[in-house]
Structure formats: structure tokens, C-alpha cells
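Open the model in your viewer and keep the selection tool ready.

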Amino acid sequence: MIPRSVSSFASYYKGPFRFHQKLTFSSSRARSENAFHKFLANNKEWHQKTSSDKPDLFPSCAKGQAPPVLWLGCSDSRVPETTLCNAQPGDIFVHRNIANIISSHDMSSQSVIFYAVNALKVKHIVVCGHTSCGGVGAALGQGKIGGTLDGWLLPIRELRANLAAKGAFEGKSDKEQALTLVSANVQRGVDVVRKNPEVVKAQEERGLTVHGCIYDVGSGQLNELDTGEAHEDLKQRMEHFKVG
């Protein structure tokens with residue numbers, strides 16, 4: 001008898017298959033542990049070199065933080081803000097999530113914005129998207145992802161629908177369509193941040209600025225989007241979203 005599926009194959013060849021599974025899991029775990037211990041070793045090297053090159057850095061960090069920038073970005077491992085900005089610990093306050101989706105209903109991002117604006121008094125807020133974004137790629141497709149991600153990516157799917165209705169994807173390659181959606185998602189995030197009452201107040205009182213950027217994972221370059229507001233739009237936003 002020849003098994004017709006993976007499950008029947010597993011039940012038919014219980015011994016060898018289970019041994020292979022155990023071997024695979026063991027190998028995977030070993031690689032994972034090797035990566036973790038490598039990071040610990042790397043940290044020791046980094047600590048020693050940084051302590052030698054910048055002896056005041058860690059004592060300064062221990063006293064508190066006063067970062068000038070709040071970074072709202074994607075969780076993607078290829079977009080580490082401190083590294084790509086050539087910054088130091090204490091320079092950037094950070095919130096990251098899948099596909100850098102900023103929503104006024106997300107208490108996590110809104111709490112970060114509130115703290116950054118009111119307690120840390122940041123001078124700049126950066127909403128950053130990136131090329132080759134898996135979340136954007138999924139939103140462009142029709143496949144079900146599962147878990148909480150389908151609901152989480154709904155704002156980007158709505159953006160996609162609006163762009164498609166306006167013909168924004170016509171004649172564009174898959175890569176160009178993805179970049180179009182990435183840009184729109186960043187602009188949307190900037191718009192949401194700018195309507196935050198705490199941000200509106202800080203912009204009026206101390207000149208807080210909000211920026212939109214896209215990081216190119218293939219080149220390592222960070223580029224700013226044109227997210228400027230017309231004077232009339234700025235005036236209306238200040239009028240409608242300022243509270244207190």
C-alpha cells in the first residue's frame with residue numbers, strides 16, 4: 001500500500017518519519033541557539049568597543065532619555081532604524097508593527113505617540129515604510145493569511161481598493177504597484193499622526209514636524225516623501241482637530 005498524503009505517509013512510516021522530524025527539530029533548535037549565543041557574544045564585543053570609543057554614552061543613557069525623533073516603522077528585520085540612520089542608543093524613540101500601520105484606534109501606537117510628544121518632547125515624528133514589504137505584498141494579493149493578520153492589514157487593503165478605483169495601478173509592474181501602495185500607506189500614516197490632538201497642539205506650540213519616509217532595503221537608502229500640506233489644509237486641520 002502506498003500512502004496518498006503527507007498525513008498518511010506519517011502514519012505509515014511512524015518510526016523513520018518521527019525520527020526525521022526529531023532530527024529536523026533538533027537541528028533547527030541548535031541553529032536557533034547558536035544564533036542567540038552569537039548575539040550575546042556580539043553584545044560583549046560591542047559593549048567593550050563602545051565603552052572604549054564613547055565612555056560617556058552608557059552613563060548618559062542611565063540618567064534618562066531625550067530623543068529628538070519618534071520613529072513609527074515596520075517590524076521587518078531589514079529595517080533597523082538605529083542602524084540605518086547611523087544613530088546611537090538614546091537618539092530615537094521607536095514603535096514598530098507589521099506594515100507600519102498607524103491607526104487612531106490602536107492603543108499601542110497612540111500611547112507611544114502620546115508619551116513621545118508629551119513626556120519626551122520629540123521634535124520630529126517619522127512614519128517610515130519600506131520596499132519589499134511583506135504586509136503590503138499580502139494586501140495586494142487575494143490569499144488568506146490567517147490569525148489576526150487579515151484584520152490587521154485591512155487598512156492597507158482599503159487603500160489598495162481606493163487606489164485601484166482611481167486607476168493608480170494601471171500599466172504598472174508588480175514592483176511599481178507595491179511601491180505605490182507603500183507610499184500611500186506612509187501618507188495615510190502621516191495624515192493619522194497629524195490629526196492626533198497632542199501632535200496638533202505640539203505643532204502649534206513648539207513646531208513639532210511630521211515626516212514620511214521610505215527605506216529601500218535593496219540599496220540601504222532612506223528617502224523622504226513629499227507629505228507637505230497646503231496652507232488651507234493646515235489651517236483646517238488646526239481648526240478641526242485641536243482640542244483642549
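**Stop 1: a helix crossing.** Helices α5 and α10 cross with a left-handed sense. This is a predicted model. Select residues 107–118 for α5 and residues 197–206 for α10. Their axes come within 10 Å and cross at roughly 20 degrees. Angles under 35 degrees count as roughly parallel, so α5 and α10 are roughly parallel to each other.

Now show side chains at the contact. On α5, pick Ile113, Phe114, Val117 and Asn118. On α10, pick Glu198, Val199, Ala202 and Arg206. These residues make the contact between the two helices.

**Stop 2: the cysteines.** How many disulfides are there? The count comes to 0.

Is cysteine 74 buried or exposed? Cysteine 74 counts as buried, because its relative accessibility is 6% and the cut-off is under 20%. Move to cysteine 61. Its relative accessibility is 32%, so cysteine 61 counts as partly exposed.

**Stop 3: confidence.** Colour the chain by pLDDT. The average is 89, and 88% of the residues score at least 70. Then select residues 1–20, where the pLDDT is below 50. Beyond near neighbours in sequence, this stretch has 8 contacts in the model. Where pLDDT is low, the predicted coordinates should not be read in detail.

Conventions:
Residues are numbered from 1 along each chain as its sequence is written. This is a predicted model: local features need pLDDT of at least 70, side-chain atom pairs count only at pLDDT 80 or more; totals for chains, interfaces and linings use all residues. Side-chain values use heavy atoms; hydrogens and water are left out. pLDDT is the predictor's confidence in each residue, from 0 to 100. Contact means heavy atoms within 4.5 Å. A disulfide is a pair of cysteine sulfur atoms within 2.5 Å. Buried means under 20% relative accessible area, exposed over 50%, partly exposed in between (1.4 Å probe, protein chains only). Axes are lines fitted to C-alpha atoms, for helices over the stretch in contact, and angles run from 0 to 180 degrees between N-to-C directions. Helices (H or I, at least four residues) and strands (E, at least two) are DSSP runs, numbered from the N terminus. Angles under 35 degrees count as roughly parallel, over 145 as roughly antiparallel, 65 to 115 as roughly perpendicular and the rest as oblique. A crossing is left-handed if the near helix is turned anticlockwise from the far one by less than a right angle, and right-handed if clockwise.
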